[in-house]
Amino acid sequence: MFQNRFICLLLAFTMITFSMLLSGCGDTPSRAALKENITLGDIVTELRQEFSPPSPGQIGDSYLKGLYGVNPKDVDAYAGFISLDDTSPDQVLAIKAGEGKASSIKNALEDRLTFVQSEFEAGSPTQHKKAMAGQVVVKGDFLFLIILGREAMDADEEMARAEELILRNFQ
């Protein structure tokens, strides 16, 4: 009896795994590509120029791992900045995930977004709205954490503008 259940479970698991492979579920290679001669650094620079965040500091390997929970070995490329002004949630992190790593990196960026949103709950209403409007944008194996906005502008409209600037750089 136990042996029959075990065989049935094993067979079901095998069929599910096989069907997922055939249907392309999971982290499959991305077909998204940046336009020719565009880098993640170019996109981050464009966002920094458009939104003028206060005191932007470059994100390096130690920030990538420590603040964002992303292992530098899991990415093919990245660029980003974070406001060094502790009263501002502004930050952008652009990542080209390594093969099979997009899902785990997306989870890490979503965790960071949730953390920033909770940190700015009790702060200035403008900064809180900006943090709450933040988002993780995914285009294939390219992932972007964006929390940006100019003071006098609507936070949701600012995020829509940031997403537009990102997506226009793809083929």
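1. In the helix pair α5 and α6, K129, K130 and A133 of α5 meet A155, D156 and M159 of α6, where contact means heavy atoms within 4.5 Å. The residues of this contact divide into three nonpolar, no polar and three charged. For this grouping, Ala, Val, Leu, Ile, Met, Phe, Trp, Tyr, Cys and Pro count as nonpolar, Asp, Glu, Lys and Arg as charged, and the others, Gly among them, as polar.

2. The model is predicted: local features need pLDDT of at least 70 and side-chain atom pairs count only at pLDDT 80 or more, while totals for chains, interfaces and linings use all residues. Residues are numbered from 1 along each chain as its sequence is written, and side-chain values use heavy atoms, with hydrogens and water left out.

3. Helix α5 (residues 125-133) packs on helix α6 (residues 155-167) at an angle of about 40°, the axes lying 9 Å apart. Therefore α5 is oblique to α6; angles under 35 degrees count as roughly parallel, over 145 as roughly antiparallel, 65 to 115 as roughly perpendicular and the rest as oblique. Axes are lines fitted to C-alpha atoms, for helices over the stretch in contact, and angles run from 0 to 180 degrees between N-to-C directions. Helices (H or I, at least four residues) and strands (E, at least two) are DSSP runs, numbered from the N terminus.

4. Helix α2 (residues 40-51) also packs with α6, at an angle of about 150° and with the axes 10 Å apart. This makes α2 roughly antiparallel to α6. From α2, I43, E46, L47, E50 and F51 take part, and from α6, E158, R161, A162, L165 and I166. These contact residues divide into six nonpolar, no polar and four charged.

5. D154 lies in the loop between β5 (142-147) and α6. Its side chain reaches the backbone nitrogen of D156 at 3.2 Å and that of E157 at 2.9 Å; a polar contact is a pair of N or O atoms within 3.5 Å, within protein one able to donate a hydrogen and the other to accept it, and residues adjacent in sequence count only if both atoms are side-chain atoms. D154 counts as partly exposed because its relative accessibility is 38% (buried means under 20% relative accessible area, exposed over 50%, partly exposed in between; 1.4 Å probe, protein chains only). The C-alpha atoms of D154 and A133, 21 residues apart along the chain, are separated by 9.5 Å.

6. Q91, in strand β3 (residues 91-97), counts as buried because its relative accessibility is 3%. A polar contact of 2.7 Å joins its side chain to that of Y68.
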